[in-house]
Amino acid sequence: MKPTTREDSDRARPLRIPSHVLADIVAHAVAEAPRECCGLLVGAGDSIDESVRTPNIEPGLTRFLVDPAAQVALLKRLRGTRREILGAYHSHPQSEPVPSPSDIAENFSNDFLCIIVSLLEPQRPITRAFRIRSGQAEELEIVRMVASG
């Protein structure tokens, strides 16, 4: 029997995200269109509990680059907590919510999550999550968590 690795165990686990966090990611995408928006995803394990909007310092309409200063500031804010930057999100205002060749080529970590919002149909944004490993995008199930109370 093959031993279970972290990669194997991550494949089956859905990504848990509160509805209000997903709503903020979509609102950011809408606000930045026709440019791609971008931001960072904060949480622990397989749960994202915060999205942090960051400036897109890429000058064009069809690419994104998170401002390194915003990433460093967030890392400092998270020091001493059990939370960390789990990944990044961005939008595809004019295309499907799947990683582009540049999204795949520029991925720097097998553990970094990628959430993409498509505004191809502006009245019906579509949000999908991926983990990119060894040049392959693996879709992750998103479980929308609804606040109780």
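The legends below describe close-up views of a predicted model.

**View 1. Helix α2, from its length to its buried side.**
Helix α2 consists of 14 residues, numbered 19-32, and at 1.5 Å a residue it should span 20 Å, which agrees with the 20 Å that separates its end C-alpha atoms. The buried residues of this helix are Val21, Leu22, Ile25, Val26, His28 and Ala29. They cover an arc of only 155 degrees around the axis, which means that they lie on the same side of α2. His20 and Ala31, in contrast, are exposed, and they are found on the other side of α2.

Pro34 is placed in the loop between α2 and β2. The peptide bond that leads from Ala33 to Pro34 is cis, and its omega is near 15 degrees. As a general rule, most peptide bonds are trans.

**View 2. The hairpin of strands β2 and β3.**
Strand β2, which covers residues 38-44, is joined to β3 by seven bridges, and the two strands run antiparallel. One of the pairs to look for is that of Ala44 with Ser47, its bridge partner in β3. The two strands form a hairpin with two residues between them, and in the turn Gly45 has a positive phi of about 60 degrees. Strand β3 itself covers residues 47-54, and it is largely enclosed by the rest of the structure, because six of its eight residues are buried.

Val66 is found in the loop between β3 and α3. With a relative accessibility of 12%, Val66 counts as buried, because the cut-off for a buried residue is under 20%. The C-alpha atom of Val66 is separated by 14 Å from that of Val42, and these two residues are 24 residues apart along the chain.

**View 3. The largest pocket and its lining.**
About 390 Å³ of space lies in the largest pocket. This pocket is lined by 20 residues, and those closest to its centre are Phe64, Ala88, Glu106, Phe108 and Phe112. Two or more residues of the lining are given by each of the elements α3 (68-78), β4 (84-92), α4 (101-105) and β5 (113-118). Sorted by class, the lining holds eleven nonpolar, four polar and five charged residues.

**View 6**
Strand β6 runs over residues 126-133 and is mostly covered, with six of its eight residues buried. Strands β5 and β6 pair in the antiparallel sense over six bridges, and in this pairing Ile116 stands opposite Arg128 in β6. Strand β6 also pairs in the antiparallel sense with strand β7 (residues 136-140), here over five bridges. In this second pairing Arg131 stands opposite Glu138 in β7, while Ile132 has Ala137 as its bridge partner in β7.

The C-alpha atoms of Arg133 and Phe108 are separated by 9.2 Å, although the two residues are 25 residues apart along the chain.

The phi of Ser134 is near 50 degrees, which is a positive value in a residue other than glycine. In general, most residues other than glycine have a negative phi. With a relative accessible area of 68%, Ser134 is exposed, because the cut-off for an exposed residue is over 50%.

Notes:
Residues numbered from 1 in each chain as written. Predicted model: local features only at pLDDT ≥ 70, side-chain atom pairs only at ≥ 80, totals over all residues. Heavy atoms only, no water. Buried < 20%, exposed > 50% of the residue type's maximum accessible area, 1.4 Å probe, protein only. Helix = DSSP H or I, 4+ residues; strand = E, 2+ residues; numbered from the N terminus. Pairing = 2+ DSSP bridges. 1 Å grid on protein atoms, 1.4 Å probe; cavity = no way out; pocket = protein on both sides within 12 Å on 5 of 7 lines; lining within 4 Å. Points joined across faces, edges and corners; volume = space filled by probe spheres on them. Nonpolar A, V, L, I, M, F, W, Y, C, P; charged D, E, K, R; others polar. Expected span 1.5 Å × (residues − 1). Arc of directions from axis to C-beta.
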